[in-house]
Amino acid sequence: MYFVPIDEKYYRMRADELDARISAAKDALGDRLVVLGHHYQHDDVIKFADYRGDSFKLSQMAAAQTEADYIVFCGVHFMAESADILSGPHQRVSLPDLKAGCHMADMADIDAVEECWADLMSVVGETVVPITYMNSAADLKAFVGRNQGAVCTSANARAILEWSFDQKRRVLFFPDEHLGRNVGWEMGVPLGSMILWDPDKPNGGNTPEAIEDSRIVLWKGNCPVHQLFNAKHVQRLREVFADIQVLVHPECKHEVVEQADLSGSTGFIVKTIEEAQPGSQWAIGTELHLVNRLAKEHPDKFIVSVDPNMCLCTTMNRIDRPHLAWVMENLVKGSVVNEIKVADDIAEWAIIALNRMLDIV
Ligand code: SF4
């Protein structure tokens, strides 16, 4: 992967010209191109996606695209890495803006996780299955592949944790503490049996006894977007709208999930709203672009954000029309810019962890 700056002329183009250029490039590339788009993308980007979904669905889509030469991923870096790992050797994956990272994924790195693993082994030996959330770098997926673990997404985290507990006594879950805690709680794991691992402290800030008693070791990481929702937001909504149903993503804090009516992945949120009764009222706790899109697409339902003042995912939204037009017009000329290529020695283990996930669910 190397950085090529965008041609600035794309920023001087009007929106309708960019739309026309992107459409023309798509037509010219035909079946040689597949555009994948995450639900959190801008409307003016996601409208060009051949497939839209959450990270789980998009990973399945990437694995299924055996014919296309090019995959343009409108999402964030770790998703494009997974697409590269799951796609064929002849296929090339582009991320329109390489600065589209994920703050949560950046909260765990391989050196810190290796250190945590060694510390855990010294206390409880071979009793731990490592599970990484999809929102992590490819070298962490390779780490879990090498150590008999798996990847999970918010759509399948429960199934993956159940599989893990069939293998061993405890789980090391990274990088999102909230998803791990919420899913563990839903499965009946007591909150006291889930310990937080702070990578900046010796033994993660835990005593050997606490580690021995634990069932889930939660890495201290979070999504800065979902973490902003709190229990007071839910309480205020219920005071104003007596019949509102609260539907949140499990990356939210436990106090929010505990008070919600429903919690589930981005795909679950979309499906729940699609199937909801006309006239029903919903407060949704996830990224604001998706909430606004659902409100627009379902005018027969009342839909608001759990917190209308929340921040957007700034990294996800670095993918914009100028970058998309620039990447696609380069593809038409046969040039792949902003290519995401995972090193072979990492990909060979990461694909084991990803395929384990796809086999379990
Ligand atoms: S919403 Fe949160 S977890 Fe998702 S890409 Fe943005 S920072 Fe990462």
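Domain 1 and domain 2 have zero salt bridges between them (a salt bridge is a side-chain nitrogen of Lys or Arg within 4 Å of a carboxyl oxygen of Asp or Glu). Three residue pairs, both members at pLDDT 80 or more, are in polar contact between domain 1 and domain 2. A polar contact is a pair of N or O atoms within 3.5 Å; within protein, one must be able to donate a hydrogen and the other to accept it, and residues adjacent in sequence count only if both atoms are side-chain atoms.

This is a predicted model, in which local features need pLDDT of at least 70, side-chain atom pairs count only at pLDDT 80 or more, and totals for chains, interfaces and linings use all residues. Residues are numbered from 1 along each chain as its sequence is written, and side-chain values use heavy atoms, with hydrogens and water left out.

## The side of domain 1 that touches domain 2

Helix 3 (55-64) and helix 4 (77-86) each supply at least two residues of the side of domain 1 that touches domain 2. Helix 4 gives the most, with four residues. Helices here are DSSP runs of H or I with at least four residues, strands are runs of E with at least two, and both are numbered from the N terminus.

## Domains and buried area

The chain is divided into domain 1 (8-102 + 315-342), domain 2 (105-223) and domain 3 (226-305), with bounds from an automatic or database domain assignment. In the contact between domains 1 and 2, domain 1 takes part with 10 residues and domain 2 with 11 residues (contact means heavy atoms within 4.5 Å).

Domain 1 and domain 2 bury about 820 Å² between them, 62% of it on carbon and sulfur atoms. Buried area is the accessible area (1.4 Å probe) that two parts lose on being put together, summed over both. Phe56, Phe78 and Cys102 supply 56% of the area that domain 1 buries against domain 2, more than any other three residues.

## Arg293

Arg293 is placed in helix 13 (residues 288-297). Arg293 is buried, with a relative accessible area of 5% (buried means under 20%, exposed over 50%, partly exposed in between, with a 1.4 Å probe and protein chains only). The side chain of Arg293 reaches the backbone oxygen of His39 at 2.7 Å. Not counting residues up to four places away in sequence, Arg293 touches His39, Gln41, His42, Asp43, Ile46 and Arg52.
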